[in-house]
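Thank you all for coming.

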Amino acid sequence: QVRLVESGGGSVQVGGSLRLSCAIFGSTPNNICIAWIRQAPGKARERVASLHTWYGSPYYGDSVKGRFIASRDVAKKTVDLQLDLLQPEDTAIYFCAADSAKSYLQCVSKSPGDFASWGQGTQVTVSA
């Protein structure tokens, strides 16, 4: 398993931006799927973005398309999430998660409960 460490959360006003980063430690096989998953109080976990291994375009959940952008830095072994046009409903704890995936399709099909490795999470709060 890999160890994941998130950073970059904080508090912003509506329309503001934040950038989250997930540092990946440990051996990373070529068939790894990395996801950003959020959980708001009283709500189910929601996957907002996924990336398969170190290639391929990110997959985004419908609620964040056009506002969030996921990216990877292969050399630094980090996966970032740029959050723009933030809304109060984006308030949540954001987790970085990882699991094996043999294909891009398998990666984007995973539910939050399918991921084996999780970071500690970082809080994002958006106020009106």
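Predicted model: local features only at pLDDT ≥ 70, side-chain atom pairs only at ≥ 80, totals over all residues.

**Around R47**

R47 touches A35, W36, I37, Y59, G61, C107, V108, S109, K110 and P112, leaving aside residues up to four places away in sequence, where contact means heavy atoms within 4.5 Å. Residues are numbered from 1 along each chain as its sequence is written, and side-chain values use heavy atoms, with hydrogens and water left out.

R47 sits in strand β5, residues 46–52, strands being DSSP runs of E with at least two residues, numbered from the N terminus. Is R47 buried or exposed? R47 is buried, that is, under 20% relative accessible area with a 1.4 Å probe, protein chains only. Yet R47 has no salt bridge, and the nearest side chain of opposite charge, D114, is 7.9 Å away; a salt bridge would need a side-chain nitrogen of Lys or Arg within 4 Å of a carboxyl oxygen of Asp or Glu.

What R47 does have is a polar contact of 3.2 Å between its side chain and that of S50, and a polar atom of the R47 side chain also lies 3.4 Å from the backbone oxygen of C107. A polar contact here is a pair of N or O atoms within 3.5 Å, one able to donate a hydrogen and the other to accept it, and residues adjacent in sequence count only if both atoms are side-chain atoms.

Turning to the sheet, 4 strands form an open, antiparallel arrangement in the order β1-β3-β8-β7, with pairing requiring at least two DSSP bridges between two strands. The edge strands, each pairing on one side only, are β1 (3–7) and β7 (68–73).

Terms used
Buried < 20%, exposed > 50% of the residue type's maximum accessible area, 1.4 Å probe, protein only. Lys, Arg positive; Asp, Glu negative; His and termini not counted.
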